[in-house]
Amino acid sequence: MEFNVPTIYTRMLESPHILIAGTTGSGKSVALNSLLYSAMLEAIETGKEATFTYIDLKMIELVDWRDLPNCDRYVDKPEDAPKALKDAVDAMYARYKVMQTRHQKETDEGHVYIVVDELADFVNDKGCLERLVTLGRLGRAAHYHLILCTQDPSRATLSASLLQNMTCRVALRTKSPIESRQIVGVAGAEKLPAHGRALMDMDGQVENIEVPMVSDEAISGLIEVLGVEVKHTQSSTKTVVVPCPDFVKKTWEERTGRTLKKPYELSEIDILRAQVRDLTNANRSLQEDLDRALKQLRR
Ligand SMILES: Nc1ncnc2c1ncn2[C@@H]1O[C@H](COP(=O)(O)OP(=O)(O)O)[C@@H](O)[C@H]1O
Ligand SMILES: [Mg+2]
């Protein structure tokens, strides 16, 4: 399988924070999953560490990513959202403390994405809006990023101060010109086709863009590459997710002359681990993920 990141998503991901808004059925979840796919693929390719916290109160839109090793937290209960955001804010401030001590302008730690499928479901719960605003205001230098979706761009959901910090705003088809203006500052998103197009406001420049859909097949392919199911052969079946990039698999297959098939045997995983060491000397986090998964598996 070929993995390609559509360039529009690369451009969006250059922005510290992304907002995707549009009416029901306009393609928010599709764009969001395509963005996640792009972010993860770019992280693999550039060797930069990226972890993800998901707030998915619809319970199904982001669940595919939940079992990957790069998932910090998956929240599907409204009562858990305030705590998840509080923990993110605290962790971000902890990074700032370190940056202050070291006189750094930007952290050297990995990127953390806070991903929300529907903002309106919880943003008015205790403290949530304030915490999102804080993450939006201070996130950039600490490598904390918001990726937010909503079908309600009114001030009831998106306060002016939250909106102000959303550096990349994408309006898929909206119900009205008013909603279009609320998102990108101009009317027009109400006239867009049902899906595939959007108005994007990046740093004050509005443009009409194509929003390609990354296929389910490509997404599940990537998930398979990032997380490999391992079956515990003794006693009951235990599934542990181990990251295994395509190139590792390929090299393993070339060197052993065997096809690597799920579920992997423990002995195979040991060889795989050595491969990861060989091939990704620079990628410490990948090695650590593998080690952690192995430890879990051996328990
Ligand atoms: N970029 C796109 N290209 C083609 N079809 C799309 C695209 N975006 C959305 N769709 C179609 O529209 C449907 C609804 O999209 P979805 O992302 O679930 O909308 P929303 O989350 O805004 O309610 C999808 O199931 C898909 O069939
Ligand atoms: Mg949706």
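Visitor: Which residues of helix α6 are buried?

Guide: In helix α6 (residues 177–184), Glu179, Ser180, Gln182, Ile183 and Val184 are buried. A residue is buried if 20 or more other C-beta atoms, placed from the backbone, lie within 10 Å of its own. Helices are DSSP runs (H or I, at least four residues) and strands likewise (E, at least two), numbered from the N terminus. The model is predicted: local features need pLDDT of at least 70, side-chain atom pairs count only at pLDDT 80 or more, and totals for chains, interfaces and linings use all residues. Residues are numbered from 1 along each chain as its sequence is written, while chains are lettered from A and ligands numbered from 1 in the order in which they are written.

Visitor: Which strands do the buried residues of α6 pack against?

Guide: They pack against β1 (18–21), β6 (168–171), β7 (197–202) and β8 (205–210); contact requires C-beta atoms, placed from the backbone, within 7 Å.

Visitor: In what order do the strands form the sheet?

Guide: Strands of a sheet pair through backbone hydrogen bonds, either parallel or antiparallel. In this open sheet, 8 strands follow the order β3-β2-β4-β5-β1-β6-β7-β8, with mixed pairing; two strands pair if DSSP finds at least two bridges between them. The edge strands, β3 (71–75) and β8, each pair on one side only.

Conventions. A residue is buried if 20 or more other C-beta atoms lie within 10 Å of its own, exposed if 12 or fewer, and partly exposed in between; C-beta atoms are placed from the backbone. Two residues are in contact if their C-beta atoms, placed from the backbone, lie within 7 Å.
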